[in-house]
Amino acid sequence: NRDLQVALASLERARALYGVQQADSLPTVAATAQGTRSRSAADLTASGRAQTASQFSAQLGFVSYELDLWGRVRNLNEVALQQFLQTVANRRSVELALVADVASTWLALAADQARLRLAQDTLASRQKAYELTERIYQLGATSGLVLAQNRTTVESARVDAAAYAAQVERDRNALQLLVGGPVPTALLPAPLDRLQADSAAALLDVPAPLPSSRLLQRPDIAAAENGLRAATANIGAARAALFPTISLTAAAGTASSDLGGLFASGNGTWSFAPQLRLPLLDGGRARANVRVAEAGTQLALAQYDRTVQTAFREVADALAERARWAERLQAQSALVAATQKAFDLSEARFKAGVDNYLTVLDAQRSLYTAQQTQITLRLGEQVNRVTLYKVLGGG
């Protein structure tokens, strides 16, 4: 999945940036070797002769190491760490959303296959009924109106079968896009899957009562918390800029005019250059940076509060919907059974000459609608399980 690949690349980038910032808390040690050879013109020398001079040196030292007396480097290191952890949580969010999307798309494919199968079965039964009605019409035992009405049911079922066949292909394409490649047939829903309650998405029941600490597993809350920590550390770094900065530069080595005597005794060199930088007049830049950091913390706090409130609402909505699914499925199953019985009775009364064919058509449409609704409700119940998995942070 390309979204997941982008999240993983962002994670590695954040890890590297944290490594860069962490390196600032340690001195940078470098070794240098240098050799120069120069010729001076005769007119520029005291002896009046051209001279050639050579100088060779080798040094080892550290450059501009900042003494972190006020915590500027330490706070910047904390900012980079929290930003890295925030990227880790964002990657988990992408992964969690991907799992939920794949499961929901798989279930939608199963539901549309069930709808397609129902439409095909309905088309076959209506085609048989039409052929029987056509023979009766040819014998003069029924009217052309009944034959035409029967024909409309056949064509209506044919339209639905074609529409659901196209929808099944779209579902497969959507699933293929999510996983980033072709999906093996063995991993697809069975063609005859009627989306029974125990056929997929068999998640554990949610414990009751559900502790609110369970929401701490949500990656978006973890990411918001890391963002708040990073913003708080930014304040410390901005305040440290108000104080003097002490940097140290030191080196030790050897130098000689002769390469062979470079490491001879008495040719050692060293240097030590501490630097104190005290901000005096900067037009209020440093204090403005502190106010920016403080405002950023307030913004991060508001975002954190909003993320937590959103999490509570999503879980509450999913649980509220979950509480009524069993009742809705049971009622819909009873409705399908009742409409099936009504269709059977109306068909028997029509064949006995008691009722006209409009009664059969009405019962037939009601049964087909009830069966389609039953598939939709079963899909909704299982998608609700996936939604619970997502809003509770997985697990």
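A search of the whole structure, which is a predicted model, finds two aromatic pairs (rings of Phe, Tyr and Trp, the last by its six-membered ring, with centres within 6.5 Å). In one of them, the rings of Tyr18 and Phe84 have centres 6.3 Å apart and planes at 10°, so the pair is stacked (planes under 30 degrees apart). Tyr18 belongs to helix α1 and Phe84 to helix α2, so the pair ties together parts that are 66 residues apart in sequence. Helices here are DSSP runs of H or I with at least four residues, numbered from the N terminus.

Both residues are buried (under 20% relative accessible area, with a 1.4 Å probe and protein chains only): Tyr18 has 17% relative accessibility and Phe84 has 13%.

Helix α1 covers residues 2–23. Along with Tyr18, its buried residues are Leu4, Ala7, Leu11, Ala14 and Gln21. Seen down the axis of α1, the buried residues fall within an arc of 100° (taken from the directions from the helix axis to the C-beta atoms), so they line one face of the helix. They pack against α2, residues 72–138. The face turned away from this buried side carries Arg2, Val6, Arg13 and Val20, which are exposed (over 50% relative accessible area).

Residues are numbered from 1 along each chain as its sequence is written, and side-chain values use heavy atoms, without hydrogens or water. In this predicted model, local features need pLDDT of at least 70 and side-chain atom pairs count only at pLDDT 80 or more, while totals for chains, interfaces and linings use all residues.

Methods
Helices (H or I, at least four residues) and strands (E, at least two) are DSSP runs, numbered from the N terminus. The expected span of a helix is 1.5 Å times one less than its number of residues. Contact means heavy atoms within 4.5 Å. Rings of Phe, Tyr and Trp (its six-membered ring) pair if their centres lie within 6.5 Å; planes under 30 degrees apart count as stacked, over 60 as edge-to-face and the rest as tilted.
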